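Here is a short briefing to read alongside the sequence and the 3D view. Have a look at the structure first, then follow the notes below.

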Amino acid sequence: MEQGAAVQAAAPPAPPTVPAESPGDWIRKNLFSSVGNSIVTVLFVLIGYAALRWLVGLVLDEERNWAAVWTNMRLLFSYTYPADQYIRIWVSLGLTLLMVGLTLGAFASQVRLSLGGLLTRIGAAGLALLVLAIVHMVDLFGLTFHSPERPVVVMLVVGAILAAIGFGGRQAVGAGSDDERTVPLFAVVAGGALAFVLFLWLVPFGRYEAIGGDVIAEPGTVNFTTKFPWTIMMALLVGGYLAGLAARAITGSTAFRLFLGLWWVAGPAFLVFLVLRDPEFDWAHIWSTDLPMALGFAIGGGALLYFLSAPGRGEVARIAGAVLLLYAAFNWLAAFGDLNLPGLGTINWQWYPFASPPAGVEGTSMLQKARISFLLLALVALIAPNFAGELRTRLRFVGAWAGFMLLMHWLITGINTPSTVQVVQPPFLGGFALTLVIAYYVMLASFPVGMMMALARTSKMPIFRVLATGYIEFVRGVPLITVLFFFANIVNLFLPNGMELSDLGAIFLGYTLFSGAYMAENIRGGLQSIRRGQFEASDALGLTTVQRTAFIVMPQALRVSIPNLVGQAIATFKETSLIAIIGGFDFLRVANQSVPSQPGFLGQNLPALLFISVIYWIISYAMSRGSRSLETRLGVGTR
Amino acid sequence: MAVIDTTQSVLASSQQRPPIWRNSGVLKWVAQIVVLLLVLGAFWFLGSTAIDGLAAKNLTPSYEFIDGPANIQPSEGIDTAPSSAGRLLWVGMVTTLQVAIVGVILSTILGVLVGLARLSNNWLANRAASFFIETLRNIPVLVQIFLWFYVMSNTLPDLEAGEGRRFFILSQKGVSIPRIFYDDGFYQWLAFIALGIVPIVLARRYFNARQAAQGGQNLAGPATLAILAVFAIVGWFANSVMSFLGGIFGSNETAVDRVNEGGIAGAWQSIPQSLMQLLLTLAVFGLAIGFIIRFLNSRRTPAGLAKLTDDDYFRMIFAVVAAAFMTLVFWVLWPGLSSWIINSGSDFWGWLGDKFGDDRGTRPLDGMLPTVSDGRFANYGPTGATLTVFRAALLVGLVLYTASFIAEIVRGGILAVAKGQTEAAAALGLSRSQALRKVILPQAFRVIMPPLGNQYLNITKNTSLAIAVGLSDVVQVGQSVFNKNGQSLAVFTIWMAFFLACSLTISVIVNFINGRLEIVER
Amino acid sequence: MSQDASMSIADAGMSAELAARDDVIVCDGVKKWFGDFQALRGVDVTVKDREVMVVLGPSGSGKSTLIRCINRLEAHQEGRIIVDGIELTNDLRNIDKIRSEVGMVFQQFNLFPHLTVLDNITLAPIWVRKKARSEAEKRAMELLERVGIPEQAEKYPGQLSGGQQQRVAIARSLAMEPKIMLFDEPTSALDPEMISEVLDVMKDLAREGMTMVCVTHEMGFAREVADRIVFMESGDIVEVGTPEHFFTNPTEDRTKLFLSQIL
């Protein structure tokens with residue numbers, strides 16, 4: 001079924017199945033225009049027949065126990081997340097879908113789809129199902145598969161209904177009106193959600209459940225525990241869309257877009273680490289230590305930045321930034337306790353109250369988040385003069401810093417607090433959720449890495465260029481799996497005593513550094529497309545290098561690189577599956593190992609693998625289509 | 001008149017260098033050097049921590065395990081019972097390269113076919129190609145490899161037990177076809193054919209000159225082929241005359257024997273370590289001085305040397321500092337490097353010498369049919385070319401996945417040149433296929449080549465996914481080695497070196513072809 | 001050409017009134033190489049307050065390089081340049097000062113294509129001059145008014161004609177309230193019918209007393225507006241004089257040749 005959809009989804013906007021001329025003419029023109037063409041047609045009919053027959057046979061063969069997939073949906077998508085806490089998953093998913101709806105409402109409210117094209121696709125999907133069913137019934141080459149009758153009948157009936165709806169509707173709408181008859185994206189989203197909900201409640205798909213190792217597969221609609229939450233999810237999606245349309249009309253687009261942007265950066269982390277992980281906060285410690293420290297950095301740091309961002313304090317800010325940077329670097333060194341320099345002896349830092357005490361000695365060392373905050377404060381102080389301005393600009397700058405500090409401290413506190421969720425394996429996430437989270441955050445985190453490296457590689461300063469080129473070419477020359485092996489097995493050896501990376505943290509770090517090199521190459525392509533005049537005009541106006549990069553160069557470069565960046569996002573998403581090799585229970589590992597090792601489904605690798613292929617395909621394909629339409633939207637006009 | 005006064009007083013005073021903290025020319029370099037020192041310092045600090053940590057676990061990183069016993073048997077490969085861990089890693093490398101090379105060839109053929117089908121005006125071919133591309137490129141390659149593995153082992157027939165030779169075997173355990181392999185006399189035969197270069201060059205020169213002078217058909221191509229054929233045929237029987245080369249290259253014995261027996265291997269072995277260190281030092285200083293000379297030449301004008309900026313001086317100083325640092329590496333930090341170069345150079349010549357030894361047979365090539373023994377393929381010795389199900393799954397997965405990308409590259413490349421050129425070709429009266437072959441493809445090739453090279457790089461790197469199906473490629477083998485002996489750092493550096501060498505080779509080849517194409521175009 | 005001769009050339013063609021004004025730009029023996037190509041071979045020139053100086057010369061004569069050295073888009077390697085009493089060196093503080101006091105208009109406009117016309121103009125006042133946004137926008141609208149295209153404020157540069165774009169570029173430079181304006185062939189990339197609208201804006205500027213250095217091929221403009229004309233060839237200043245002297249009675253053969261080719 002999904003394969004049939006693939007044929008159609010890949011079709012260009014011009015619908016080939018409803019030509020203006022008669023079907024006979026169309027076939028003659030497109031399939032038998034010459035002798036060579038006819039031979040090609042016959043050849044491809046045979047190849048297509050064999051391939052489809054084989055594929056359908058493979059899927060429907062009675063040796064494939066698809067109950068392995070249907071009973072293991074929770075395992076596949078959330079691994080062993082405890083059932084009594086499952087409401088957390090639904091809340092996260094619900095919030096995400098709500099935000100998807102809001103974002104669509106805010107950004108894609110103008111998008112309209114051609115009604116004719118839509119109907120043609122539905123009809124063609126039905127036709128494809130019919131073809132598959134017929135191909136399956138005709139056995140030319142003796143590709144014997146033993147498959148039950150029922151799926152074939154279902155395919156025939158569903159295919160006929162879809163084809164009737166599609167082509168019938170098409171006739172009713174009238175041919176040749178593709179450009180005029182359009183439906184808003186909202187109608188399509190809402191219609192899709194409604195169709196999904198109806199499917200859940202009405203279609204006798206079968207009730208699958210695994211209770212304590214016993215597999216239950218009985219006729220009926222899907223489980224109540226599946227269809228009820230999903231109905232709410234779909235309602236949230238549609239509701240979010242409507243809210244997005246309304247919010248955009250009321251609040252003005254800039255503020256609302258800023259809110260959405262912030263959510264998509266920080267929101268998922270909030271869901272993963274605070275909702276799904278459910279940290280058990282020690283409130284006494286929070287009131288006595290964490291909150292005062294966060295406020296200290298937000299207010300104290302803010303005051304410093306306010307002072308430094310006044311016009312004409314450039315040199316003061318540079319000196320202050322450099323001093324802070326030295327102090328921050330010193331904090332990191334002191335974090336190692338007494339520093340043992342090979343061949344040079346040991347440096348003792350115990351006079352410093354925040355140095356890590358030697359092993360076995362009681363004492364307080366500085367919290368890691370304080371060290372990070374000092375480093376960030378130093379970096380922001382260094383660039384503060386670039387964003388100096390009058391009162392309002394400065395207040396906004398300081399406000400952004402304070403907000404960021406509070407958010408960061410809250411998140412780090414959450415991550416460092418033990419989780420209450422009882423899980424079988426240490427990472428509380430697994431399956432598709434893990435794949436999605438890692439892919440999302442690797443894309444996000446590799447972005448700054450890639451940007452820095454791209455800037456360094458295109459810089460006029462030879463040492464930066466050499467370092468960046470070396471890094472990029474080295475990483476691009478080795479396979480991801482070896483990088484992941486290195487980080488999963490070896491990286492902890494490199495870290496000094498007292499610092500350790502969790503397995504997932506190490507994988508995340510390695511994958512980010514790997515992805516960053518590819519990101520750098522993509523962004524570099526964009527940077528190189530910017531003409532020299534843009535640099536000269538910025539310089540002539542007196543913009544500093546940081547301002548030039550932030551306001552002039554990067555916005556243009558990123559716009560040019562969008563197609564490549566999306567391509568890389570797809571690659572990152574797909575290659576997350578390599579985590580399965582080095583031991584993470586991601587989507588692939590669950591499908592390929594956890595499911596087929598259950599007593600009831602021993603050796604049933606194929607159904608689960610085919611199922612996850614379809615999920616991977618849907619997401620990757622949706623991303624590439626989305627990027628293509630984004631490209632046309634940005635490419636059109638002068639923006 | 002205030003401004004006049006300041007201007008005049010500025011002019012009157014001698015030009016002042018700005019203070020260092022505001023001098024952009026100096027600050028720029030200070031920032032770079034600080035960052036460089038930070039990076040080097042971080043590497044040094046992390047590296048020494050790692051070495052200390054490993055030493056505490058009695059695992060001081062070293063490469064000595066390479067000569068030690070293998071302890072592990074690869075599941076398949078050119079040698080299933082390797083004598084040492086180094087040999088084991090070599091077996092893995094060969095497997096990786098085999099899969100990569102076959103993968104590159106097959107995915108190129110398939111990708112070009114699909115790409116052309118995607119451009120066809122036959123609706124069915126067009127849609128089928130589009131289906132192929134859009135399906136395969138959007139599913140992770142690792143998932144595809146697993147899929148193919150289970151499809152093959154779940155749906156293909158059993159390999160019947162018993163002995164037997166057949167021309168073609170397709171089974172759960174893999175595919176086997178007749179195999180042609182090189183035999184003892186192969187290297188001698190190659191050397192014999194290489195002798196043909198001299199007459200070929202002479203003949204080509206003669207025929208080219210004759211064609212330039214008299215016109216008519218150029219017989220250089222046919223003559224080349226004819227001479228090659230003659231040398232190949234004569235060499236097939238007479239290749240043993242080349243065995244004298246064995247003595248020239250030297251033997252593959254122990255280091256002491258090599259020196260005694262002479263030949264190139266012996267000569268190489270007897271280079272003293274300090275001489276090699278000196279040569280390396282001279283080489284890096286030569287490079288540095290060459291850089292400075294070229295740099296100064298680029299600043300030389302008819303009116304004398306251009307004024308050098310701070311930037312220019314920093315560049316030259318930096319070249320010398322870098323050379324000095326490398327010298328430090330050669331003499332103090334890593335003196336073993338030079339002896340390693342000596343030993344492996346000698347090993348190479350000795351290995352080559354053995355291929356020409358007197359006691360070898362003279363038959364260059366041989367062939368065998370697929371053989372089944374005891375219900376499994378014989379994977380070493382007299383048997384056909386067997387693609388085990390592991391290798392087949394990896395290969396099919398990689399080829400289909402990569403072909404879907406190559407198809408898009410081919411299509412994009414052809415579309416990029418097609419528009420005006422197709423019209424021009426049509427105006428000249430060329431048919432569609434003539435236009436494609438003579439006008440469009442040669443031009444599209446230039447557009448296609450760089451991204452195609454990237455795909456070749458990808459397929460080579462993706463062979464590392466062999467570990468998923470348990471095929472003994474270099475990564476899988478390396479992982480089993482460090483699981484046994486804990487030398488993860490050393491194995492990791494070997495992986496890096498191997499893959500970087502592959503990447504470098506591919507980019508060199510692609511760049512070379514690109515360069516040729518551009519010259520042809522002009 | 002001897003050093004003495006070139007020194008005298010720098011002040012040639014100056015009326016007594018002009019000579020009495022402040023020196024705003026002084027170039028003293030400026031030399032500049034690109035690799036092994038010498039673009040400037042010791043240029044001496046002085047620009048006075050409120051003076052309009054037009055630089056003429058064949059392509060590759062170093063005209064553009066000279067004015068790009070004046071706001072340090074290119075660094076000169078020998079000699080000295082003093083702008084408004086500040087010497088151009090590697091000193092970061094001086095470079096920042098010069099850049100905000102010297103405006104520049106380019107042949108290819110170099111507007112920022114991803115920003116609206118208004119944002120193009122207000123960007124530098126806000127981030128370099130640290131003005132309030134409202135104030136910067138008010139000033140920007142005044143300037144757009146002055147160059148005659150206030151209705152285009154919300155458009156993107158790509159939606160404007162070449163002449164309009166160049167006028168936006170002039171407004172963008174003026175928004176920084178510069179003391180000196182440099183024009184690098186501002187009309188060369190324009191269609192003929194759009195040249196006059198840009199030249200009109202430049203003439204207005206000259207009339208209002210802006211110090212201007214213009215590299216241009218517009219002889220009519222040079223004759224009408226310039227206080228002095230400088231003729232350059234192969235990195236040297238060949239001749240300096242009033243427009244009258246230059247167009248009616250040039251002394252140097254090379255100048256005569258150039259004029260005969262171009263007029």
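In chain B, the mean positions of the 36 positive and 29 negative charges lie 13 Å apart. Lys and Arg count as positive and Asp and Glu as negative, with His and the chain ends not counted; each charge is placed at NZ of Lys, CZ of Arg, CG of Asp or CD of Glu.

This is a predicted model, in which local features need pLDDT of at least 70 and side-chain atom pairs count only at pLDDT 80 or more, while totals for chains, interfaces and linings use all residues. Residues are numbered from 1 along each chain as its sequence is written, chains are lettered from A and ligands numbered from 1 in the order written, and side-chain values use heavy atoms, leaving out hydrogens and water.

**Size and fold of chain B**
- Chain B has a radius of gyration of 30 Å, whereas a compact globule of 522 residues would come near 24 Å (taken over C-alpha atoms; the globule rule is 2.2 Å times the number of residues to the power 0.38).
- Along the principal axes, its C-alpha atoms fill a box of roughly 105 × 75 × 60 Å.
- Among contacts (heavy atoms within 4.5 Å) between residues at least 6 apart in the sequence of chain B, 72% join residues at least 24 apart.

**Burial**
- Of the 522 residues of chain B, 44% are buried (under 20% relative accessible area, with a 1.4 Å probe and protein chains only).
- Cys502(B) is buried, at a relative accessible area of 11%, and Cys27(C) is buried too, at 3%.

**Cysteines**
- Over all chains there are 0 disulfides (pairs of cysteine sulfur atoms within 2.5 Å).

Definitions and conventions
Buried means under 20% relative accessible area, exposed over 50%, partly exposed in between (1.4 Å probe, protein chains only).
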